[in-house]
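Please walk me through this structure, one piece at a time.

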Amino acid sequence: MVNNNPVSDLLRTDRMPHIWCSGCGLGTTVNCFVRAAAGCGLPPDQITVVSGIGCTGRVAGYLKLDSFHTTHGRPIPFATGLKLANPRLKVVVYSGDGDLFAIGGNHFIHAARRNMDMTVICVNNFTYGMTGGQVTPTTPTGAIASTAPYGNTEDPFNLPYLADSAGAVYVARWTTFHVRQATKAMKEAIQKKGFSFVELVSPCPTLYGRRNRMGDGLDMMEGYKENSTIRNGADTRDVGMDISGKIVCGKFVDRERPSFLEQYNTRLAARLGPSYKNYEGVL
Amino acid sequence: MVTINPDMCKGCGICIRFCPAGVLEFSDEFNSKGYHPPRAVRPEACTGCDLCGIYCPDFAIFGILLKTVA
Ligand code: SF4
Ligand code: SF4
Ligand code: SF4
């Protein structure tokens, strides 16, 4: 008899059961992530996870990896500091749509522009779960939220398009229904050099699904199954989501661009000649 | 072979719905938190694919290939 879940090696099982609601997709994303981390070929002590604030921000506390729960919106600058102090680390930012694209939106575009060598995983559940279901930058127009009782009047971000335009070298989107593909995408993103971005569409039945008559977590998963299409290589301009619930999934971008540190070292070596020693961290 | 840790379960039903072999059903029993965990009603049909294990948001269930165990 095998009692231990094989993924528990990378989980802080002493802190479980976790705080997430029944049917919340966050646990499923973590389930995929630990499989990606275990299969990416890096020893666990070389992978560091940084989360911001919110329901997704809790991920860092449940992983048995070096992990940091930072301030609201700031996991990317924190991760940038970690990466530059110790470039041998693989730094993964794991946070939600509100934390990464509202409070921390500016950090996201600049880390992508610089091609900072890190992976950003955004669990997009279209709302602020922890604080009561407010509108976020990804809430579809027309969706009901605690701050939009008559329906959201704003247009949402199309995250893959934003990441693509800002310069990310790897961009993919999957839902929590697509567990195998999501696991593979996170593994590829971890292995990719440069700024990689994975959006995971995930149910928040408690504060988004319920208000928008989408049912419980299982119903929302059924919705993903019915309403998603896979279009690898799709033009990211065409993958925006709206209230219809249609979701285009796939790997949209996979390209090469020198990373921040590569560009930095190349330029300084060219300017300063043989006296310049490549910057390889302070540790 | 599928292993269930009933006390970790929050009764979402996702493993039951997406098991490709129809192995699982809700149990009539309550767990310590008051949820109905799944139980294996057709254990012989389990392929060990571990899809339930990847889907479960609460790490409460997993499948394993018996060959791997032995
Ligand atoms: S509020 Fe929403 S996102 Fe937060 S744990 Fe509950 S279902 Fe998940
Ligand atoms: S997926 Fe997990 S939490 Fe949901 S019913 Fe199955 S065992 Fe329970
Ligand atoms: S391992 Fe596969 S076949 Fe067995 S119960 Fe889980 S999902 Fe069903």
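Leu65(A) counts as buried, because its relative accessibility is 7% and the cut-off for burial is under 20%. The model is a predicted one. Leu65(A) sits in a loop of chain A, between α2 (59-62) and β2 (66-69). What does Leu65(A) touch beyond its neighbours within four places in sequence? The contacts are Leu10(A), Arg12(A), Phe33(A), Pro44(A), Ile47(A) and Val49(A). Gly52(A) lies 13 residues from Leu65(A) along the chain, and the two C-alpha atoms are 16 Å apart.

The largest nonpolar core has 56 residues. Which of its members touch the most other members? They are Leu11(A), Val30(A), Phe33(A), Leu63(A), Tyr94(A), Met186(A) and Tyr55(B). Helix α1 of chain A, residues 26-39, gives the most to this core, with 7 residues. In soluble globular proteins, nonpolar side chains tend to be buried together.

Take Val30(A) from that list. Setting aside residues up to four places away in sequence, Val30(A) touches Leu11(A), Trp20(A), Val59(A), Leu63(A) and Tyr94(A) in chain A, and Phe59(B) in chain B.

Phe197(A) belongs to strand β6 of chain A. Is Phe197(A) buried or exposed? Phe197(A) is buried, because its relative accessible area is 0%. Now compare positions along the chain. Thr119(A) is 78 residues away from Phe197(A), yet their C-alpha atoms are separated by 5.9 Å.

An α-helix has 3.6 residues a turn, so residues three or four places apart point the same way.

Next comes His178(A), in the loop between β5 and α7 (179-191) of chain A. His178(A) counts as buried, because its relative accessibility is 5%. Beyond its neighbours within four places in sequence, His178(A) is in contact with Ser228(A), Ile230(A) and Cys249(A).

Now step back to chain A as a whole. Chain A holds 10 helices and 8 strands. A compact globule of 283 residues would have a radius of gyration near 19 Å, and chain A agrees, with 19 Å. Its C-alpha atoms fill a box of roughly 65 × 50 × 35 Å along the principal axes. Of its 283 residues, 56% count as buried. Among contacts with a separation of 6 or more, 68% join residues 24 or more positions apart. The accessible surface of chain A is about 12100 Å², and carbon and sulfur atoms hold 53% of it. Chain A carries 30 positive and 23 negative charges, whose mean positions are 5 Å apart.

Chain B has 3 helices and 4 strands. Their order along the sequence is β-α-β-β-α-β-α. The radius of gyration of chain B is 11 Å, close to the 11 Å that the globule rule gives for 70 residues, so chain B is as compact as a globular protein of that length. Its C-alpha trace spans about 35 × 20 × 20 Å along the principal axes. Of the 70 residues of chain B, 47% count as buried. Among contacts between residues at least 6 apart in sequence, 47% join residues at least 24 apart. The accessible surface of chain B comes to about 3400 Å², with 57% belonging to carbon and sulfur atoms. The mean positions of its 6 positive and 7 negative charges are 6 Å apart.

Conventions:
Residues numbered from 1 in each chain as written. Chains lettered and ligands numbered in written order. Predicted model: local features only at pLDDT ≥ 70, side-chain atom pairs only at ≥ 80, totals over all residues. Heavy atoms only, no water. Helix = DSSP H or I, 4+ residues; strand = E, 2+ residues; numbered from the N terminus. Rg over C-alpha atoms; globule rule 2.2 N^0.38 Å. Buried < 20%, exposed > 50% of the residue type's maximum accessible area, 1.4 Å probe, protein only. Contact = heavy atoms within 4.5 Å. Areas by Shrake-Rupley, 256 points an atom, 1.4 Å probe, with all protein chains shown as cover. Lys, Arg positive; Asp, Glu negative; His and termini not counted. Charge placed at Lys NZ, Arg CZ, Asp CG, Glu CD. Core = buried A, V, L, I, M, F, W, Y, C linked by side-chain atoms within 4.5 Å.
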